[in-house]
Structure formats: C-alpha cells, structure tokens
Amino acid sequence: MSSKEGGSKITKSDLNKIFLRSMTFEGSWDYERQMYLANAFTLGPIIKKLYPLKEDRADALKRHLEFFNITPYLATLVCGIVTAMEEVKANGGEIGGEAISNVKTSLMGPLSGIGDSLFLTTWRTVTAGIGCSIAMQGNPLGAVLFFLLFNIPAQAVHYICAIKGYEMGSKLLVKLSETNIMKRLTRLTGVVGMMAVGAMIASMVSVTTPLAFGSGDEALAIQGVLDQIMPCLLSVIATAVIYWVMGKKPNTAVVLVSIVVFSIACSAVGIL
Amino acid sequence: MDILLIFLISCFSYSNWFLGKSMLDRPLITGTIVGLAFGDLASGCIIGATIELALMGAQGIGAAAPPDVISGGILGTAFAIISHSDAGAGVALAIPISMLGMVIRNFCYIVLIPLINRAADGYAERGDVDGVCRTHLISSFFGFIIPQALYVTAAYALGAPVMEGVLAAIPEFVQHGLTVAAGILPALGFVILLRTIMDRKLLPYLIFGFVLSAYLGLPILGVSLIAAGIVLLMVFKDRESAVAVTASVEGDDDEF
C-alpha cells in the first residue's frame with residue numbers, strides 16, 4: 001500500500017490522529033518556544049510514517065521543534081498543510097525543509113490574530129454571557145450551555161481544519177486571500193459580538209447609587225432620576241470610561257485592581 | 001474528603017490546555033463543579049457566574065499570561081460556600097488568589113516546563129519520535145497540571161480553617177465595595193471584546209443590543225438569536241451579489 005507510485009501515504013485516520021493529538025496543543029507551553037513541543041507531538045505519527053530513516057526523522061523533528069504559537073483551534077490547519085508538504089518532501093518532491101518552516105512561520109501570525117479575536121474574545125465572551133445569565137439564577141445548565149455553545153463550533157473548526165488543511169496543502173493560503181473568507185467571517189461574528197455586548201452592558205454590568213436629595217420621606221433618590229433619563233445609565237458611563245482607559249493599552253491586571261480600589265473608595269464615601 | 005475533591009477538580013480544570021482549550025478553566029464551569037462537589041449547586045452556579053463576569057477580561061491572548069482564573073474560580077467559590085458568604089465575597093477572594101496563581105503559573109512556564117522540555121531536543125537529535133512525544137506528555141502533566149493542582153489544594157487546605165474568620169473581619173464598607181466592584185468588573189471583559197471588534201460600521205448593532213436588553217428586557221440568548229438572524233440575512237445578501245459576480249468568473253462558493 002505504502003509503495004504505490006504517486007499514491008498518498010497519508011490516510012484519513014492519520015488526519016484524525018492529528019486532530020486528537022492537537023487537543024493537547026498548549027499542554028507543554030513555555031515562554032521560550034511556546035507550543036513547539038506540542039507541534040512535534042501532533043506530527044509525531046506523520047513523521048514516523050513518512051520517514052523510515054533515523055536521520056530523516058531527526059531532521060523533521062528538529063524542524064518541528066522550532067518556535068510555534070497559534071490559536072489552538074486553528075493549529076490543525078497548519079499541521080494539515082505541513083503534513084501535505086512533508087508528504088511531498090518524503091516522496092522526493094521539490095519541497096525543502098526550509099519551505100515547510102517558512103509556511104509555518106508565515107501562517108501562525110495572521111491565523112492567531114483571527115483565531116484569538118474570533119474564538120477567545122468574541123465567541124467566548126458571548127457564550128459565557130449567555131451561560132452566566134442562566135447560572136445567575138442558580139441553574140447549572142448555564143455552565144453546560146456555555147461549554148456546548150463554545151465547543152461545538154470551536155472543535156468543529158478544529159477538526160475541519162485538519163482535513164481541509166491537508167487537502168489544500170500550501171495552496172490554501174492563496175485561496176483564503178482570494179475569497180476574503182476571513183475578513184467576511186470577522187465582520188459577521190462582529191455583528192453577533194456587538195449585539196451581545198450591547199445587551200450584556202445593560203444586563204450584566206450593574207452600577208447604582210444610593211445617593212438621595214433631601215432626607216426622610218421627602219428624599220428624592222438620584223437612581224430613580226437616572227433611570228428615568230435612561231435605564232442602565234451608570235453602567236454605560238462606567239463601560240465608556242473603561243473603554244477610554246483601555247485605549248491607552250494599560251496592563252489589564254492593573255485596571256482590574258484599580259476598579260476594585262475605586263469601588264471600595266466609592267463605597268466608603270457612600271457614592272456607590 | 002473535600003481536599004481530595006478540590007485536587008481532582010483542579011487537575012480536571014488545569015487540563016484545559018491538554019483537552020482542546022475547551023474552557024474547562026473558566027469560573028462559570030469550575031464554580032458550578034465546586035458547587036456540585038460541596039453540596040450547594042445553586043450557590044456554586046451563582047458565585048461561579050459572578051466570578052466569571054468579574055474575570056471575563058482575563059484570558060490568555062497570544063503570549064501574554066493573564067491572572068490564573070482556575071485557582072481564583074475554584075478557591076473563591078469553595079471559600080464563599082463554606083463560609084456561607086455571598087457572591088461578592090467570592091469575587092473578593094478570587095481576584096487576589098488569581099493574581100498569586102499567575103505567579104505560580106509563570107514559575108511553571110519559565111522554570112519547570114522548559115526544564116522538562118529540554119530533553120526533547122536530545123531525542124530529536126537521535127531521531128527518536130516516541131521520546132519527543134513522551135516528553136510532551138510528561139511536561140504537560142508534571143510540569144503544569146500536577147504542580148498547579150497541588151498549589152490550589154494546598155491553598156485550600158491551609159485557607160479553609162482561617163477563611164471564615166477572615167471574611168467576618170472585613171469591614172462593612174469594604175464588603176459593600178467589593179459587591180460594587182463585582183458589578184463594574186464585567187464591563188472590563190466587554191470592553192476588551194469591544195476593542196477587538198470595534199468598527200464604526202458595527203456601532204449600530206451595539207445600540208440595538210443595548211436597547212433590546214435595557215428597554216425591552218430580552219435575555220442575552222434572545223438578543224444573540226436576533227443577531228444570528230441578521231448574520232444570516234447578510235450571508236444571503238452576500239451570496240446573491242457573489243453569484244452575480246462569480247457567474248462569469250466560474251468560481252466555487254464554499255464559505256463557512
């Protein structure tokens with residue numbers, strides 16, 4: 001089977017292995033080369049299958065132990081493409097090791113940019129928001145729904161990328177830029193993201209003031225006045241201020257702690 | 001018994017990066033599991049969701065290491081449940097714990113994991129594929145999952161007896177302040193999302209979402225479904241115009 005001329009050595013089950021192994025993609029993450037070892041782990045069976053000789057295996061392993069970092073759900077796309085290229089190389093084709101490394105390097109930047117904003121920012125925030133709105137009533141379905149809503153599309157993409165990546169090989173890049181799929185996908189998820197954020201600012205950010213004019217029965221609660229102007233007015237203001245602050249690209253942890261300190265201070269003087 | 005449960009939940013949760021980054025690390029999930037384990041599912045859900053919203057902005061994007069939401073989520077929920085405190089107290093505990101957790105995590109990333117991973121280069125030199133793969137597994141478990149879970153378990157074992165006293169000693173205005181913070185913090189998470197996808201053309205949708213929720217009281221899922229409907233309309237419209245253009249170019253239209 002494996003010696004058939006021109007016949008592909010890589011089977012569907014090899015691609016399934018790539019998918020399964022890539023589940024561990026951030027397991028051995030470190031600061032130095034990040035996801036490099038996971039990348040070699042994912043391609044391990046492919047390297048073993050394509051290169052019977054020790055020297056060739058050593059070459060391939062070293063090539064796949066170079067720096068690597070990518071949104072894990074899209075890792076299979078690169079691994080699929082690389083598998084197609086390694087196969088050509090192993091069969092004596094014109095692809096050199098350098099070309100394979102270059103494809104990896106050139107793919108990880110743009111793919112991570114898209115993957116992080118699509119999955120880790122937009123989709124995670126929207127699905128977690130939906131889950132939280134249910135869990136807030138003490139309902140465990142919130143967590144279940146969050147898990148399913150996030151993972152079904154994310155892991156589906158994760159799987160499809162392994163198959164498509166291999167099928168299209170290095171041609172995929174050209175196709176992606178031709179059809180502008182990524183740009184359109186970003187715009188469409190942006191619509192969902194924006195609407196969900198708008199709703200979540202209203203329902204999940206909660207800022208109210210206990211302040212009142214006058215005292216006793218005559219007291220006019222300021223919160224009541226604010227509510228008549230616009231519901232969730234203080235939440236909108238708080239969000240707008242944080243939006244402005246985050247534009248200065250501060251450390252998120254510092255902002256987080258500052259919000260806590262600010263809240264305690266406002267609580268102490270009775271404003272919030 | 002509860003110490004063992006905390007250890008198991010931590011191992012499960014820190015496996016997030018070993019199991020397809022499937023969000024096992026998020027407080028909404030860990031809080032619910034801790035609630036289940038501690039026999040107070042409803043509180044676990046509520047505290048977990050509150051911590052989730054407060055730490056919404058804490059997610060590793062690219063190479064930056066965020067606060068460790070696992071230790072914060074698990075311990076914040078566990079301590080709040082055993083001391084019968086509210087969700088605000090859970091958030092108050094979760095924030096400093098996740099900051100400390102970030103330090104422990106960086107220790108794994110900078111010292112422990114590279115130390116184990118180093119072996120892989122040697123195996124690669126000899127063309128030993130299995131050796132490289134084995135290193136990855138050892139590193140994932142003993143360089144990350146186990147040490148991290150041990151930290152959470154130790155913090156629980158040491159903290160549980162004193163936590164009740166600590167929470168009771170916090171002055172009223174600070175406790176109220178933390179509840180206020182729990183109300184504001186979700187905005188940070190939403191802002192991070194806004195900053196990523198903000199585009200002037202998308203601004204109307206932000207307003208639509210706000211009005212649907214603030215004035216019409218629609219739940220998030222309802223708003224998201226309307227958004228999904230709008231997306232479908234846009235796709236159909238795109239397709240119509242794409243067909244008109246590509247009919248002459250003879251292109252195949254496979255889109256996501």
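Is A:Phe68 buried or exposed? I looked this up before anything else. A:Phe68 has 0% relative accessibility, so I put it down as buried. I keep in mind that this is a predicted model.

**Entry: ring pairs in chain A**

I looked up the aromatic pairs next. Over all chains, the structure holds 14 of them. One of these joins A:Phe25 to A:Phe68, and I noted it as edge-to-face. The centres are 6.0 Å apart and the planes stand at 65°. I then checked where the two rings come from. A:Phe25 is in the loop between helix H1 (12-22) and helix H2 (36-50) of chain A. A:Phe68 is in the loop between helix H3 (54-63) and helix H4 (75-90) of chain A. The two residues are 43 residues apart, so I recorded a link between distant parts of the chain. A:Phe25 has 1% relative accessibility and therefore counts as buried.

I went on to A:Tyr73 and A:Phe119. Their ring centres lie 5.2 Å apart with the planes at 55°, so I logged the pair as tilted. This pair also links distant parts of the chain, at 46 residues apart. A:Tyr73 sits in the loop between H3 and H4 of chain A, while A:Phe119 belongs to helix H5 (residues 97-135) of chain A. A:Tyr73 is buried at 0% relative accessibility. A:Phe119 is buried too, with a relative accessible area of 9%.

**Entry: charges over rings**

Which charged end sits over the ring of A:Phe68? I found that of A:Lys104, 5.5 Å from the ring centre. The charged end of B:Arg195 sits over the ring of A:Tyr243, 3.8 Å from its centre.

**Entry: residues from both chains**

I traced a cluster linked by ring pairs. Its members are A:Trp29, A:Tyr31, B:Tyr14, B:Trp17, B:Tyr109 and B:Phe144. A:Tyr31 turned up again in a nonpolar surface patch of about 460 Å². The patch also takes in B:Phe107, B:Ile110, B:Val111 and B:Leu115. I located B:Ile110 in helix H5 (residues 87-125) of chain B. B:Ile110 counts as exposed because its relative accessibility is 52%, and the cut-off is over 50%.

**Entry: domains of chain B**

How is chain B divided? I noted domain 1 (2-175) and domain 2 (199-256). The C-alpha centres of these two domains of chain B lie 37 Å apart.

Technical notes
Residues are numbered from 1 along each chain as its sequence is written. Chains are lettered from A and ligands numbered from 1 in the order in which they are written. This is a predicted model: local features need pLDDT of at least 70, side-chain atom pairs count only at pLDDT 80 or more; totals for chains, interfaces and linings use all residues. Side-chain values use heavy atoms; hydrogens and water are left out. Domain bounds come from an automatic or database domain assignment. Patches are made of residues with over 30% relative accessible area and no salt bridge: like charges are joined within 9 Å, nonpolar side chains (Val, Leu, Ile, Met, Phe, Trp, Tyr) within 5 Å. Accessible areas come from the Shrake-Rupley method with a 1.4 Å probe; for residues, only the protein chains shown count as cover. A salt bridge is a side-chain nitrogen of Lys or Arg within 4 Å of a carboxyl oxygen of Asp or Glu. Helices (H or I, at least four residues) and strands (E, at least two) are DSSP runs, numbered from the N terminus. Buried means under 20% relative accessible area, exposed over 50%, partly exposed in between (1.4 Å probe, protein chains only). Rings of Phe, Tyr and Trp (its six-membered ring) pair if their centres lie within 6.5 Å; planes under 30 degrees apart count as stacked, over 60 as edge-to-face and the rest as tilted. A charge sits over a ring if NZ of Lys or CZ of Arg is within 6 Å of the ring centre and within 35 degrees of the ring normal.
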